[in-house]
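Dear colleague,

Here is the structure that I promised to pass on to you. Please open it beside this email, and then read on for what was found in it.

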Amino acid sequence: MIAALIVAAGKGVRMGADMRKQYLPLGGQPILAHTIQAFAECRRIDQMVVAVPVDEIAFCREIINKVPLRFPVKWVVGGSRRQDSVCNGLDALTDEGIVLIHDGVRPLVTQMLIESCIEGAQRWDACIPVV
């Protein structure tokens, strides 16, 4: 099993925008939609979990209605800290395997980088991309 865990529960306070960063438009879509699409396009990923604020789950479901997915997205409540969101996401996974943890406001991740991380995790049991 290879899963993508997208954490998108941050407030984006430092950004100073009227809305959370993950919902700001980029090319006509919210940033979060681009991020989810990047991981959904990777054929090696079997499942996806997305951690968002509890009161925004329905809104986020609407956002990704336009994103072509090969599998359903499992939504979990994000925590007050990133590590809490990651923990909630990991708890939602049912199978053991590789988990790619990615920030929901980093939409420009490439397929090459995703594939390289999968291969690195398979070879060394862990992998962190550095650009």
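How many salt bridges does the structure hold? It holds 5, where a salt bridge is a side-chain nitrogen of Lys or Arg within 4 Å of a carboxyl oxygen of Asp or Glu. Before the details, please keep in mind that this is a predicted model, in which local features need pLDDT of at least 70 and side-chain atom pairs count only at pLDDT 80 or more, while totals for chains, interfaces and linings use all residues. Residues are numbered from 1 along each chain as its sequence is written, and side-chain values use heavy atoms, with hydrogens and water left out.

One of the salt bridges joins Arg-20 to Glu-56, with 2.9 Å between the closest N and O atoms. Arg-20 lies in the loop between β1 (2-7) and β2 (25-26) and Glu-56 in the loop between β4 (47-52) and α2 (57-63), so this pair ties together parts that are 36 residues apart in sequence. The helices (H or I, at least four residues) and strands (E, at least two) are DSSP runs, numbered from the N terminus. Arg-20 is buried, at a relative accessible area of 19%, and Glu-56 is buried as well, at 15%; buried means under 20% relative accessible area, exposed over 50%, and partly exposed in between (1.4 Å probe, protein chains only).

A further salt bridge brings together the side chains of Glu-115 and Arg-44, at 2.8 Å from N to O. Glu-115 sits in helix α4 (residues 111-124) and Arg-44 in the loop between α1 (31-40) and β4, which places the two 71 residues apart. Glu-115 counts as partly exposed at 23% relative accessibility, and Arg-44 counts as partly exposed at 26%.

Arg-82 forms a salt bridge with Asp-103, the closest N and O atoms being 3.7 Å apart. Here helix α3 (residues 82-92), which holds Arg-82, is linked to strand β6 (residues 98-103), which holds Asp-103.

Helix α3 also deserves a look for its two sides. Which residues of α3 are buried? They are Ser-85, Val-86, Gly-89 and Ala-92, and they lie on the same side of α3 because they cover an arc of only 120° around the axis (taken from the directions from the helix axis to the C-beta atoms). On the other side of α3, Gln-83 and Asp-91 are exposed. The buried residues of α3 pack against β1, β4, β5 (73-77) and β6, where contact means heavy atoms within 4.5 Å.
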